[in-house]
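Work through the exercises below with the sequence and the coordinates at hand. Each task is followed by a solution in steps.

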Amino acid sequence: MKPIAPPTMDFNFAQVFSIFPRSAPKPRSKSTSAPMASKDGKDTKGFRNYTDSAHQARVERLYHDKYTGQTVDYATRMKADYGQFNRGTMSVWDASMFLDDIVDQSDPDVAISQIHHAIQTGEACRKAEPDLDWFHLLGFIHDLGKILASPRFGGMQQWEMVGDTFPVGCQLTDANVLHHLTEDNADMKNPKYNTQLGMYTEGCGFENVTWAFGHDEYLYMVLMNHPENRLPREAMYCIRFHSFYPWHHAGGYTYLSNAQDRDMLPWVQKFQKCDLYSKVDKIEDFNALKPYYQGLIDKYVPGLVKW
């Protein structure tokens, strides 16, 4: 399998947010549940506006397509296909360069490229947990699976890659955003799948559920297949379930969770704040940050990765 040549980037990496000091801030106390503000002072209640955002039309189109297309059959086929890891090999850093191609069409909050979102989230994680360097890397790579939407790599349609994730094979509940757009999902007309538990048993655990195929599941699969992956299980869990907003944000699907999921929920919710509330439209120059994140990649996910 030949290595993939990374795309040439035409922007510089430099400071991203002046509010993030280069020296590590003092650790916070364990009570960190106070509401966060975004980097531009935006009230956090203004995030995830699926009612009347500036991007409402494109967001609704994407979720309609996503809810319609993500079925048990589709998710199973995609996982088998992309689980062959035969798209080529490249380092995590080189893969991240493809994120500059992508503006997430499911995002009602901002319209910036995903490489900028990666840096924004990584820096928010540095501020939240200055002593946990794996948490910083998690912020930088958490959306790396979206490279499959890059025309220079995967070329998939965005409904196949982005947006909130959810279980397939059971009822699409109103914990899912824009729930009224789920009516064209074929599985919801199949009595095997359209009940609360569908094809699952209560308390089976999320690891035993079939998920809508997307950037979370793809990156999780890729990193689990990488023999040099040294990320802790908390990071891997957040990679897989950070977009499961119907659970960690809306409180749905708890009947499928098990003890491991409940134990991991605080980590997902801590990361979710860094992911969501770091988003702003302002794009900064952040060349100075490359050595830091490259060093973390070398420490936790070194070498060439099969994609």
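**Exercise 1. A loop residue**

Does F85 count as buried or exposed? Give its place and its backbone phi as well.

Solution. The model is a predicted one.
Step 1: F85 has a relative accessibility of 11%. The limit for buried is under 20%, so F85 counts as buried.
Step 2: F85 sits in the loop between α2 and β1 (89-90).
Step 3: The phi of F85 is positive, about 50°, although the residue is not a glycine. Most residues other than glycine have a negative phi.

**Exercise 2. Aromatic pairs**

How many aromatic pairs does the structure hold?

Solution. A pair of aromatic rings is described by the distance of the centres and the angle of the planes.
Step 1: There are 25 aromatic pairs in the structure.
Step 2: In the pair of W134 and W267 the centres are 5.2 Å apart and the planes make 55°, a tilted arrangement.
Step 3: W134 is in helix α5 (residues 133-141) and W267 in helix α9 (residues 259-276), so their pair ties together parts 133 residues apart in sequence.
Step 4: W134 is buried, at 11% relative accessible area, while W267 is partly exposed at 24%.
Step 5: The ring centres of F206 and F241 are 5.7 Å apart with the planes at 55°, so this pair is tilted.
Step 6: F206 lies in the loop between α5 and α6 (215-225), and F241 lies in helix α7 (residues 233-241), so the pair ties together parts that are 35 residues apart in sequence.
Step 7: F206 is buried at 0% relative accessibility, and F241 is buried at 3%.

**Exercise 3. Arginine over a ring**

Which arginine lies over the face of Y82, and which over that of Y292?

Solution. 
Step 1: R87 lies over the face of Y82, at 3.9 Å from the ring centre.
Step 2: R126 lies over the face of Y292, with a distance of 3.9 Å to the ring centre.

**Exercise 4. Helix packing around α7**

At what angle do α7 and α9 pack, and at what angle do α6 and α7 cross? List the residues in contact.

Solution. Two packed helices are described by the angle between their axes and the distance between the axes.
Step 1: The axes of α7 and α9 are 9 Å apart, at an angle of about 75°. These helices are therefore roughly perpendicular to each other.
Step 2: On the α7 side the contact has R233, E234, Y237, C238 and F241; on the α9 side it has Q260, D261, M264, W267, V268 and F271.
Step 3: By class, that contact of α7 with α9 has seven nonpolar, one polar and three charged residues.
Step 4: The axes of α6 and α7 come within 7 Å and cross at roughly 150°.
Step 5: D216, E217, L219, Y220, L223 and M224 of α6 meet M236, I239 and R240 of α7. This contact has six nonpolar, no polar and three charged residues.

**Exercise 5. The whole chain**

How many helices and strands does the protein chain have?

Solution. 
Step 1: The protein chain has ten helices and two strands, in the order α-α-β-α-α-α-α-α-α-α-α-β.
Step 2: Of its 307 residues, 57% count as buried.
Step 3: Among contacts with a separation of 6 or more, 80% are between residues 24 or more positions apart.
Step 4: D94 lies in helix α3 (residues 92-96) and is partly exposed, at 24% relative accessibility.

Terms used:
Residues numbered from 1 in each chain as written. Predicted model: local features only at pLDDT ≥ 70, side-chain atom pairs only at ≥ 80, totals over all residues. Heavy atoms only, no water. Phe/Tyr/Trp six-rings, centres within 6.5 Å; stacked < 30°, edge-to-face > 60°. Helix = DSSP H or I, 4+ residues; strand = E, 2+ residues; numbered from the N terminus. Buried < 20%, exposed > 50% of the residue type's maximum accessible area, 1.4 Å probe, protein only. Lys NZ or Arg CZ within 6 Å of the ring centre and 35° of its normal. Axes fitted to C-alpha atoms, helices over the stretch in contact; angles between N-to-C directions. Parallel < 35°, antiparallel > 145°, perpendicular 65-115°, else oblique. Contact = heavy atoms within 4.5 Å. Nonpolar A, V, L, I, M, F, W, Y, C, P; charged D, E, K, R; others polar.
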